[in-house]
Amino acid sequence: MGVTSEFLAKVPGRANGKRTWSRELKARIVAETLIEGETVNAVAKRYELIPSTVSDWRRMARQGKLVLPNLEGMDFVPVEIEALAPVAEALPNPFENGSAKVGHGSGVIISLRAA
């Protein structure tokens with residue numbers, strides 16, 4: 001569950017297994033979907049919801065039935081992506097000539113032939 005565990009711990013469940021989400025938490029989840037680069041699917045997955053539930057809450061917010069928190073002044077940590085490390089060269093095929101010899105420090109040599 002990761003980041004959302006502190007919030008999900010506060011979500012009371014009912015006897016039928018469904019969770020009861022407070023209006024404040026619904027608004028907070030909807031606000032996360034409005035952050036640039038976020039998707040409804042990604043946010044829903046973090047909170048163990050189906051995307052259509054989050055979409056319903058977004059509709060409620062558009063209709064004024066759900067008041068969203070103020071996102072002004074909300075800070076995010078910038079992410080830097082490093083360049084990929086160079087890929088190592090492929091090892092030579094030991095059976096390129098149809099056979100290979102494997103040696104051991106004790107002087108034992110095993111010859112193998114490709115089938």
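A salt bridge is a side-chain nitrogen of Lys or Arg within 4 Å of a carboxyl oxygen of Asp or Glu. In this predicted model, glutamate 32 and arginine 46 form such a pair, with their closest N and O atoms 3.0 Å apart. The pair joins distant parts of the chain: glutamate 32 belongs to helix H2 and arginine 46 to helix H3, 14 residues apart. Glutamate 32 is buried, at a relative accessible area of 16%, while arginine 46 is partly exposed, at 29%.

Arginine 46 has a salt bridge with glutamate 38 as well, and here the closest N and O atoms are 3.2 Å apart. Glutamate 38 counts as partly exposed, with 28% relative accessibility.

Aspartate 56 pairs with arginine 59, the closest N and O atoms being 2.8 Å apart. Both residues lie in helix H4, three residues apart, which is about one turn of the helix. Aspartate 56 is partly exposed at 38% relative accessibility, and arginine 59 is partly exposed with a relative accessible area of 39%.

Next comes the nonpolar core. The largest one has 15 residues, of which Trp21, Ile29, Tyr47, Leu49, Val54, Trp57 and Leu66 touch the most other members. Helix H2 (23–33), helix H3 (40–46) and helix H4 (51–62) are the elements that give two or more residues to this core.

Notes:
Residues numbered from 1 in each chain as written. Predicted model: local features only at pLDDT ≥ 70, side-chain atom pairs only at ≥ 80, totals over all residues. Heavy atoms only, no water. Core = buried A, V, L, I, M, F, W, Y, C linked by side-chain atoms within 4.5 Å. Buried < 20%, exposed > 50% of the residue type's maximum accessible area, 1.4 Å probe, protein only. Helix = DSSP H or I, 4+ residues; strand = E, 2+ residues; numbered from the N terminus.
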